[in-house]
Amino acid sequence: MTSNDAAPKGAAPRPDLDAYLARIGWTGERRADAATLRSLHLAHMYGIPFENLEPLGGAAPSLALPDLEAKLVRGGRGGYCYEHNTLLAAVLEAFGFGVTRLAARVVLGAEGAVRPRTHMLLLVDVPGEPGPYVADVGFGAGGALLEPVPLVADTEFRDATRRHRLVHRPHRGPLELWVLQAYEEDAWTDQYAFTLEPFEAPDFEVINWHIATNPRSPFSHLLYIQRTTPDAHLALSGRHLVETRTDGSRKERELSGREEIVRVLTDDFGIAVPDGAPLDAPDAPTG
């Protein structure tokens with residue numbers, strides 16, 4: 001933390017903006033407007049990978065800002081949704097944006113099953129804009145947002161190399177249900193569903209612990225690493241590596257073992273792998 005970023009006693013810690021912006025390679029003017037929000041979001045997506053090494057080892061990662069900065073900003077590591085979006089929320093608030101933390105049900109791949117609301121995303125108020133934006137730098141999937149999109153229904157948005165839209169769906173609750181869709185393989189695909197009910201930091205502490213330590217959580221038994229670049233999206237599930245280029249071409253292969261996994265995480269995903277990291281996943285639970 002730089003000296004001018006020190007927080008008053010009893011206040012929430014302020015992010016080290018210099019270190020964070022250097023980590024993601026962002027050099028713009030620090031102001032709260034839509035262009036800044038989009039460019040920060042995109043730089044974060046390109047700059048910090050998605051990974052679940054702590055949950056794979058049975059531990060819930062800390063969501064305290066100093067710990068997030070030590071890991072994601074200074075430590076050459078990545079994280080999953082609670083880490084990424086907690087860090088981005090602190091940065092956006094320091095820039096002067098208004099941020100509301102939300103929770104979503106992931107519907108991608110659910111095949112009709114009802115999942116709990118365990119994904120974290122952000123609703124961002126931008127000074128001078130008519131409505132808020134949906135921001136999310138922590139969704140570990142090829143259909144993730146690259147740039148934030150306005151909270152507007154039934155409108156297609158092109159965010160960098162991807163296409164998204166938000167739609168409404170009927171449900172039993174009192175608040176409108178929003179669904180984020182990505183255009184993939186010539187069709188709109190649901191990614192996750194959410195309402196605008198605010199969630200607070202203690203809510204995500206509980207959710208984070210559940211997702212990291214529950215033996216039925218995929219993050220606790222499967223190595224899951226993602227990285228997005230301007231040209232491609234890389235995804236590693238266990239030992240299965242998939243590279244999807246922005247032109248739609250795809251390459252897949254199986255990694256041979258721990259030595260190759262470490263090399264790929266280091267060279268291709270840009271992750272500083274800790275000594276003794278649990279890269280060989282245990283058997284998934286059954287039943």
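Q: Hi! What does pLDDT do over residues 282–287, and how many contacts does the model have there?
A: In this predicted model, pLDDT (the predictor's confidence in each residue, from 0 to 100) stays under 50 over residues 282–287. The model has nine contacts (heavy atoms within 4.5 Å) for that stretch beyond four places in sequence. Where pLDDT is low, the predicted coordinates should not be read in detail.

Q: And what's the mean pLDDT of the protein chain?
A: The mean is 93, with 93% of the residues reaching 70 or more. Residues 1–5 have pLDDT below 50, and that stretch makes twelve contacts beyond near neighbours in sequence.

Q: Good to know. What are the ground rules for the numbers?
A: Residues are numbered from 1 along each chain as its sequence is written, and side-chain values use heavy atoms, leaving out hydrogens and water. Because this is a predicted model, local features need pLDDT of at least 70 and side-chain atom pairs count only at pLDDT 80 or more, while totals for chains, interfaces and linings use all residues.

Q: New topic: which residues touch the most other members of the largest nonpolar core?
A: Tyr 20, Tyr 82, Val 134 and Phe 194, out of 63 residues. A nonpolar core here is a set of buried Ala, Val, Leu, Ile, Met, Phe, Trp, Tyr and Cys residues joined through side-chain atoms within 4.5 Å; buried means under 20% relative accessible area, exposed over 50%, partly exposed in between (1.4 Å probe, protein chains only). Helix H5 (residues 81–95) gives the largest share of this core, nine residues. Helices (H or I, at least four residues) and strands (E, at least two) are DSSP runs, numbered from the N terminus.

Q: What does Tyr 82 touch?
A: Leaving aside residues up to four places away in sequence, Tyr 82 touches Leu 63, Thr 118, Met 120, Phe 204, Ile 207, Asn 208 and Ile 211.

Q: Is strand S2 largely enclosed or open?
A: Strand S2 (residues 117–125) is largely enclosed by the rest of the structure, because seven of its nine residues are buried.

Q: Which strands does S2 pair with?
A: S2 runs antiparallel to S1 (residues 98–106), with eight bridges, and antiparallel to S3 (residues 133–135), with three. Pairing requires at least two DSSP bridges between two strands. Leu 123 of S2 stands opposite Thr 100 and also opposite Val 134 in S3.

Q: Last one: where is Glu 111, and what's its phi?
A: Glu 111 sits in the loop between S1 and S2. Its phi is positive, about 50°, although Glu 111 is not a glycine. Glu 111 counts as exposed, at 79% relative accessibility.
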